[in-house]
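Hello,

Here is the structure I promised to pass on to you. Please open it alongside this message, and follow the residue numbers as you read.

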Amino acid sequence: TFGNNAALLRGNINSAAAPTVVVDFPDTVIANTVEINPYTNHLYVGYQDDSGTAPANTGIRDYSYDPATGALTDNGFLTTVANSGLPQEGGFDLLDPYDFALNTSTNTLYYTQMLAGGATSIGVYRLDLSNPDTIVQLVSQSQFPDNGSGGYILDVEADASTNKVYITTQSQHPSPDATYNGSQNGIWWVDGNATGGTAVKVTLTGFADSALFYPGDMTLDPATRMIYVESEQSDGTSADDLIYVFQLDAGGTTASYVKTISPGLAGSASNIGGLFYDNLPELAISAETDHALEQTNFQLLIADPTITDIDGNHLASATVKISGSFSGSGDQLSVAGTTSGVISGTSITVTITTDGSGNQTLTLTGYDTIAHYQQVLGDIRFVANGDNPTNSGGNTTRTITWQVNDGIAGSPSG
């Protein structure tokens, strides 16, 4: 929950259980956004003292977390208005991120600031996590003045492959309000290393709904470089939010329309409040060429498996399944002969089940590094213990299916 009376909640993405409050911020603090670094297990939260006159108590809060349990450790401020030397705006000390984006390749954190009302501030900023007290404004203030005359900056995303930073902007109100200004509604790019630079509007091709486009929340799939953008189609209360999907070109300056996703929100108070994209891990294997022989030693199934996950370095589980077996076959999977318990040197537990047709499933569970999962998967072996493993010619082959999972439901297998 964000704004005053904010709290940070933790929940399991695959569970219907209510999330747990892990940080209850002081009622005098405004917290509007959060960013997670899954490689360093750090979490960053905007932390604005609502008095606007407490520079030492306004900034970005840094937490580290235990990836296995989710337990948080408060490391204090990453930076503050006082430490960074940010000037006052309209007589207020402001460091109130509206949205974060993280480029893990350059160790750079970006944030937007969008305040309208008593305190006004519009901009997009950069800080190096190894030197966080130096905060740089990416885009010239003259292009997007604090009074909103150039549009209001909302979301930010960083594309590590091109080092471009993308922002969304809106006019004061969506169509059909008289203040709707189509020229102020768009997706813009700027070089990630810019200082007071000029943002350039991304050219959208094949897009039929540009007359109503009111972009807000945005997320980037770093694998395909597709951008998903939420758009308010009529006003701020109707349940008509849509998500537009665009494919960036190689240079990242043009995006072609792909499709529209309608989330089917119900009720006038239902609106999209944020978007996040999770890339699934991928497993590359090379099968061993030797055939399993009847009642011989355990046979290795794969050589040197490689797991890649561009937005994380841990896995939650993996499965290896046999199909094509039969009851009484004697087929047996193991991890180097181990069929149950924790694998030495890891946090990974192996269990094995067998269905009524003799097909086994070897399941690995436990939040552990990709390196450990590669090691364990590379040790999985098969042995044909039965006296008649082909079922007298009826079951001459077996199919082995592999799956790795980073904690998200619906991971494919192959």
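Below is a short tour of what turned up.

A word first on what you are looking at: this is a predicted model.

Let me begin with the nonpolar cores. The largest one has 23 residues, and the members that touch the most others are Leu333, Val335, Leu362, Leu364, Leu377 and Ile380.

If you set aside its neighbours within four places in sequence, its contacts are Leu283, Ile302, Pro305, Ile307, Ala318, Val320, Leu364, Trp402 and Val404.

Next, have a look at Asp304. This residue sits in strand β23. Is Asp304 buried or exposed? Its relative accessible area is 69%, and because the cut-off for exposed is over 50%, Asp304 counts as exposed.

Now to strand β18, which covers residues 226-231. This strand is mostly covered, with 5 of its 6 residues buried. On one hand, β18 pairs with β17 (residues 215-221) in the antiparallel sense, over 5 bridges, and Tyr228 in β18 is the bridge partner of Thr219. The two strands form a hairpin with 4 residues between them, and Arg225 in that turn has a positive phi of about 60°. On the other hand, β18 is joined by 6 bridges to β19 (residues 242-248), again running antiparallel. Here Met226 stands opposite Gln247 in β19.

Finally, there is an open sheet of 4 strands with antiparallel pairing, in the order β8-β9-β10-β11. Which strands stand at its edges? They are β8 (99-103) and β11 (131-137); each has a single partner strand, so one side of each has no neighbour in the sheet. On average, and ignoring direction, neighbouring strands of this sheet are turned by 25° against each other. Between β8 and β9 (residues 108-115) there are 5 bridges in the antiparallel sense, and Leu102 stands opposite Leu109 in β9.

Enjoy exploring, and do write back with any questions.

Best wishes

Key. Residues numbered from 1 in each chain as written. Predicted model: local features only at pLDDT ≥ 70, side-chain atom pairs only at ≥ 80, totals over all residues. Heavy atoms only, no water. Core = buried A, V, L, I, M, F, W, Y, C linked by side-chain atoms within 4.5 Å. Buried < 20%, exposed > 50% of the residue type's maximum accessible area, 1.4 Å probe, protein only. Contact = heavy atoms within 4.5 Å. Pairing = 2+ DSSP bridges. Axes fitted to C-alpha atoms, helices over the stretch in contact; angles between N-to-C directions.
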